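Hi,

Here is the structure I promised to pass on. Have a look at it first, and then read my notes below.

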Amino acid sequence: MANKYYASASLRYEGSSKFGRLNKWGYFPALSLGWRIMEEDFFPKASWINDLKLRADYGETGNQDFGSYLSLDTYQGYGYFAFNGASYQVWGPSQNTNYDLRWEKAQNLNFGVDFDLFQRKISGSINYYVRTNKDLLGSYNVPVPPFVLTTTFANVGTMKNSGLEVQLNAKILTQKDFSYSVSFAGASNSNKFASFSNDIYQGQNFQFMSYMPSPGSPGPAQRLEEGRRIGSFYMYESAGIDATGRLMVYDKDNNIIPGNTAKEEDKRFVGNGLPLFTASLGQNFTYKNFDLSVFLRGSFKYDLFNTTAFYLGTPVTQSGANVLKSAYGKGKYAALTNAETYSTLSDYFLEKGDFVKIDNITIGYNIKPPVKQISSIRVYAVARNLYTFTKFTTGDPEAISVNGLTPGINTSLSYYPSTAQFLAGLQVKF
């Protein structure tokens, strides 16, 4: 209608044999609406606005990313039983049956605006999104009896995300032999785990996460709780190191006590491992036959638990193990010299995860083809993961995942270092 109004709709009907017998199929609708408001007669005319469009869209998607046969009766061996001089294999259920297992659904609602300004020198979009994940798939604690085993794989919860996304493109300078343009993308994320219960299962309002391995008995480092952001660190709050090298913490009444004397009720929420903001910045230059692009990106306002320092970065680390340089000298972790408080989980080992990374630099040169059969020749060089600006003290902060339900922590000492990559090439088009 005169390029003013836009609409599209779709309906997907998808099936998976992983779900219960009555829930193998799911409906996933989507609807998108657009309105080029600047084409309306009532919209004020402005020479610096070249295009302005309002959008709204809603869609649902399904998740079946889990193992097979979890909705069925499965059995496993439970050893052997001797009877009348013979040995018999004992079989029993290997999991609780869940015939009601169904699709996990993500409901996405988005409102946005697209724009072109100043003779299309600046363009971009701004979006506000609300994403609700319903019927989250996971292992759920259940009572015995009536259930046979203590956990059931079920649709157990609801999680909500919302935030603002901004994308901008700007042609800063355009001349005969030189051009410079910039692209920026940024997003914020507000997250809340809404519920552990559904219409069938009613459970507690929190669950401990990120159990740390031995040596010692550190226990869980995070708590997933209704009404809170996922990735919340739940441990003792550090009060520093005393004269004997012991880790001191605050108890529930804010008294300072040695970490090894603290009780479960003294733990508190002390940080979060899910980034609040992410951003990227791309810059593109051309000068005659040369071209250069520089791409930066980063994540901000979140914490990382330094698992490596916790196990290998203090003077009281386990005997016979290789240790970090941070265990010696005058650094923060070198001060922890008393074995009494070794393996006490506290925010003493939380560090800021914020980083800005030089993610990619590409430089190229276009060579005039020597024969007409060749349309273009370009030589180029690329550097990837060149440098990371961060205050995190043990390697690349991106080595610690910020996805899933336990962002900001590794519960293993397995580590593969981040590497820079350098590449040179030749492109020839005929």
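Let's start with a side-chain pair: Gln283 and Tyr180 are joined by a polar contact of 2.7 Å (a polar contact is a pair of N or O atoms within 3.5 Å; within protein, one must be able to donate a hydrogen and the other to accept it, and residues adjacent in sequence count only if both atoms are side-chain atoms). Before going on, note that this is a predicted model, where local features need pLDDT of at least 70, side-chain atom pairs count only at pLDDT 80 or more, and totals for chains, interfaces and linings use all residues. Residues are numbered from 1 along each chain as its sequence is written, and side-chain values use heavy atoms, with hydrogens and water left out.

Gln283 sits in strand S20 (residues 277-287); strands are DSSP runs (E, at least two residues), numbered from the N terminus. Beyond four places away in sequence, Gln283 touches residues including Ser181, Leu292 and Val294, with contact meaning heavy atoms within 4.5 Å.

Next, Gln222, which belongs to strand S14 (residues 219-225). Gln222 counts as buried because its relative accessibility is 1% (buried is under 20% relative accessible area, exposed over 50%, partly exposed in between, with a 1.4 Å probe and protein chains only). Its side chain reaches the backbone oxygen of Gly231 at 3.4 Å, and a polar atom of that side chain lies 2.9 Å from the backbone oxygen of Pro407.

Last, Tyr13 in strand S1 (residues 5-15). At 45% relative accessibility, Tyr13 is partly exposed. Leaving aside neighbours within four places in sequence, Tyr13 contacts Trp25, Gly26 and Tyr27.

Cheers

Key. Helices (H or I, at least four residues) and strands (E, at least two) are DSSP runs, numbered from the N terminus.
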